[in-house]
Amino acid sequence: SGVFYGGGMTDIEVVEKIYEAMAGRDYDALFELIDESAVLNQDDRLPWGGRYEGHDGVVEFAAALTGAIESAVTHEVLFTADDEVVQVGRTKGTVVATGVPFDIAEVHCWTIRDGKAVKAHFVIDTPAMLEVLAASTDI
């Protein structure tokens, strides 16, 4: 939204800063931008999927994710809808265990309150990711 909070950022700017902090693995910045009671969730069929709560959950999610894949998210579209910031893009990288590359569509929905993320739902093409995770480098 166009609403500015104490830090002078719009909801979209807060989400942009979260992605910058994630890309740099800057947990101090993340914890400034993500509420202590935040809830993150992703399809639990994925090795890093499930429901994560609070700052400890953010760390647990990040460890599970980076233990399974090395990836970068690219934003194709970032907009507000209802009371969420929606990010549409792709996750591109490799599977840690096998080196198998992937480039998969994803959508992230963020709820921002008073300049901090209180909820995030991460959605990817789960069947495509499960196929990549199961793939072998043997041809």
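This is a predicted model: local features need pLDDT of at least 70, side-chain atom pairs count only at pLDDT 80 or more; totals for chains, interfaces and linings use all residues.
Residues are numbered from 1 along each chain as its sequence is written, and side-chain values use heavy atoms, with hydrogens and water left out.

**Exercise 1. Helix 1**

Task: Find which residues of helix 1 are buried, and work out how they are arranged around the axis.

Solution: 
- Start with the helix itself. Helices (H or I, at least four residues) and strands (E, at least two) are DSSP runs, numbered from the N terminus.
- Helix 1 has 13 residues and spans 19 Å from first to last C-alpha, close to the 18 Å expected at 1.5 Å a residue. That expected span is 1.5 Å times one less than the number of residues.
- Next, sort by burial: buried means under 20% relative accessible area, exposed over 50%, and partly exposed in between (1.4 Å probe, protein chains only).
- The buried residues are D11, V14, V15, I18, Y19 and A21.
- They cover an arc of only 160° around the axis, so they sit on the same side of helix 1. The arc is taken from the directions from the helix axis to the C-beta atoms.
- A handy rule: an α-helix has 3.6 residues a turn, so residues three or four places apart point the same way.
- Finally, turn to the face away from the buried side, which carries the exposed residues E20 and A23.

**Exercise 2. The core**

Task: Name the residues that touch the most other members of the largest nonpolar core, then follow I18 to its contacts.

Solution: 
- A nonpolar core is a set of buried Ala, Val, Leu, Ile, Met, Phe, Trp, Tyr and Cys residues joined through side-chain atoms within 4.5 Å.
- This core has 30 residues, and I18, W48, W110 and M129 touch the most other members.
- Helix 1 gives the most to this core, with five residues.
- Contact means heavy atoms within 4.5 Å. Leaving aside neighbours within four places in sequence, I18 is in contact with L30, L33, I34, W110 and A117.

**Exercise 3. Strand 6 and its partners**

Task: Decide whether strand 6 runs parallel or antiparallel to strand 1 and to strand 5.

Solution: 
- Two strands pair if DSSP finds at least two bridges between them.
- Strand 1 and strand 6 share five bridges and run parallel; here V39 stands opposite K119.
- Strand 5 and strand 6 share eight bridges and run antiparallel; H108 has F122 as its bridge partner.
- In the hairpin of strand 5 and strand 6, two residues lie between the strands, and D114 takes a positive phi near 50°.
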